[in-house]
Protein chains: 2
Amino acid sequence: MLRADAARNLTAVLHAGARLLAEDPGTSMAAIASAAGVDRTTVHRRFANREALLSAVFQAKLDSAERVLDQARLVEAPLPVALHRYLEGIIPVSREWPVDTRLMMQQDPAARVRRQEQSARLDAFIRRALDEGYLRADVDAAWARTILDELVDTVAHRFPDLEPPRAADLVAATLLNGLGAA
Amino acid sequence: MLRADAARNLTAVLHAGARLLAEDPGTSMAAIASAAGVDRTTVHRRFANREALLSAVFQAKLDSAERVLDQARLVEAPLPVALHRYLEGIIPVSREWPVDTRLMMQQDPAARVRRQEQSARLDAFIRRALDEGYLRADVDAAWARTILDELVDTVAHRFPDLEPPRAADLVAATLLNGLGAA
DNA sequence: CTTAATTGCAACATCGATGATGCAGTAATG
DNA sequence: CATTACTGCATCATCGATGTTGCAATTAAG
């Protein structure tokens, strides 16, 4: 088991890493350690190398995202309910772990697989939305899927003061109705 | 004046830089030189340092974007026409220079100012769309502005096979009407 | 064709980031 | 409170990226 102060430092490093790596993927481990308020060697003791640190940050984000996907009940719940519950859950996750998961695509095969599994659940959700008529039949599923992700990231990072419920409303409304006049 | 082969090499380096830096902002100058088919020292002779190379890549993108903004006639042309002309022009620019201009925010003050000037022209265009009733009155201008950029980047990079006219249609339709059923 | 510009290659110096280690001090836990 | 885990600090080695220079070969241009 991990000692309490060590666990605090660990999460501080992961959060600092997620934050700094989101701003600049080339951020040094020294900068991350400093932002987390620990010595550089402490980070090196916990993580064998830079790759292991990045991997841990990605795992932390994937863990949080997976909980949201589970709780949203994307398959069973009524579609509008599931959508809103997913959005309201994933927006805080995106804010807590702002690091872009596309960074890990090359490095970490295990995390990549896990990310694809989560992505597949959202793909299925989009297909369900098409089948049930919530999205127009002529809409391309890949396009809808991509826009959903982009809207989430945008509201999460570029509008950080918008509370999750209102942010979820905004994303859902924009996705379904757009911004144009009737 | 620049010798013809030198000019070819220069544009090759700028394009290779834009492409590789878009994938990985930490790409080395050696990798860029190699992708451009020239020696590393050739790049160093043309650009005093890494920052100067990045700056040149950004300038190239800003030059192309500025031409598009001018030709779109965002102020004078009827709004739907201007929107479509802008989209059809900016999507190829985004593809030719896929590098993210947010990377330069810290480094290059001159480019940053220029980027803000172009951004202001699009802000004004969004305000005009609101004033003329093409966007719903309750739509936040900053949100609309951000979504416009995101849709352009997404269609440009994630759907590279979509021809500019159809890509522009898709972006405009998604922006105005969303993806939901009526 | 002659000249001048440009390039590739090899070699070198420098610098920051990474990673490891020993030790003394400190703090959590039983 | 005694023990053990953890940390900070100082130090060292290594590596890749950056940047420079000299020279011979090539190639565009008048």
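## Symmetry of the two copies

Among the residues of chain A, A:G178 lies closest to the rotation axis, its C-alpha atom being 1.8 Å away. The structure is a predicted model, and the axis in question is the one that relates its two protein chains. Chain A is superposed on chain B by a rotation of 180° with 0.0 Å of shift along the axis, and the RMSD is 0.0 Å. The two copies are therefore related as by a two-fold rotation axis.

The same surface serves both copies, since 100% of the contact residues of chain A recur in chain B.

## The contact between chains A and B

Chain A contributes 23 residues to the contact, and chain B contributes 23 residues. On the side of chain A that touches chain B, the elements giving two or more residues are helix 7 (141–158) and helix 8 (164–177) of chain A. Helix 7 of chain A provides the largest share of that side, with 7 residues. By class, the side of chain A that touches chain B comprises 12 nonpolar, 8 polar and 3 charged residues.

## Architecture of chain A

The secondary structure of chain A consists of 8 helices and 0 strands. Read from the N terminus, its elements follow the order α-α-α-α-α-α-α-α. The C-alpha trace of chain A extends over about 60 × 30 × 30 Å along its principal axes.

Chain A has 182 residues, of which 32% count as buried. Of the contacts in chain A with a separation of 6 or more, 60% are between residues 24 or more positions apart.

One loop position illustrates such a separation in sequence. A:V75 is placed in the loop between helix 4 (50–72) and helix 5 (79–96) of chain A. A:V75 counts as exposed because it has 10 C-beta neighbours inside 10 Å, and a residue with 12 or fewer is assigned to that class. A:V75 and A:R121 are 46 residues apart along the chain, yet their C-alpha atoms are separated by 8.8 Å.

## Surfaces near the DNA strands

Around DNA strand C there are 21 residues, and those that come nearest are A:A4, A:S28, A:N49, B:D39 and B:T42. Both protein chains supply this surface: at least two residues come from each of helix 1 (4–23), helix 2 (29–36) and helix 3 (40–46) of chain A, and from each of helix 1 (4–23) and helix 3 (40–46) of chain B. The surface near DNA strand C divides by class into 7 nonpolar, 7 polar and 7 charged residues.

DNA strand D likewise has 21 residues around it, of which A:D39, A:T42, B:A4, B:S28 and B:N49 come nearest. At least two residues of the surface near DNA strand D are supplied by each of helix 1 and helix 3 of chain A and each of helix 1, helix 2 and helix 3 of chain B. By class, the surface near DNA strand D has 7 nonpolar, 7 polar and 7 charged residues.

## The annotated region and A:M29

An unreviewed UniProt entry lists residues 28–47 of chain A as "DNA-binding region". Over residues 28–47 of chain A, the chain is 75% helix and 0% strand, with its end C-alpha atoms 14 Å apart.

A:M29 is located in helix 2 of chain A. Apart from its neighbours within four places in sequence, A:M29 is in contact with A:R40, A:V43, A:R50 and A:L53. A:M29 and A:D5 lie 24 residues apart in sequence, and the distance between their C-alpha atoms is 20 Å.

## Helix 4 of chain B

Helix 4 of chain B covers residues 50–72; its 23 residues should span 33 Å at 1.5 Å a residue, and the 33 Å between its end C-alpha atoms agrees with that value. The residue that follows helix 4 of chain B is B:R73, with a positive phi near 50°.

The buried residues of helix 4 of chain B are B:L53, B:L54, B:V57, B:F58, B:A60, B:K61, B:L62, B:V68 and B:A72. These buried residues pack against helix 1, helix 2 (29–36), helix 3, helix 5 (79–96) and helix 6 (109–131) of chain B.

How values were computed. Residues numbered from 1 in each chain as written. Chains lettered and ligands numbered in written order. Predicted model: local features only at pLDDT ≥ 70, side-chain atom pairs only at ≥ 80, totals over all residues. Contact = placed C-beta atoms within 7 Å. Helix = DSSP H or I, 4+ residues; strand = E, 2+ residues; numbered from the N terminus. Nonpolar A, V, L, I, M, F, W, Y, C, P; charged D, E, K, R; others polar. Near = placed C-beta within 6 Å. Least-squares fit on C-alpha atoms with pLDDT ≥ 70 in both. UniProt positions renumbered as here; feature names shortened; annotations may be inferred. Buried ≥ 20, exposed ≤ 12 C-beta atoms within 10 Å, placed from the backbone. Expected span 1.5 Å × (residues − 1).
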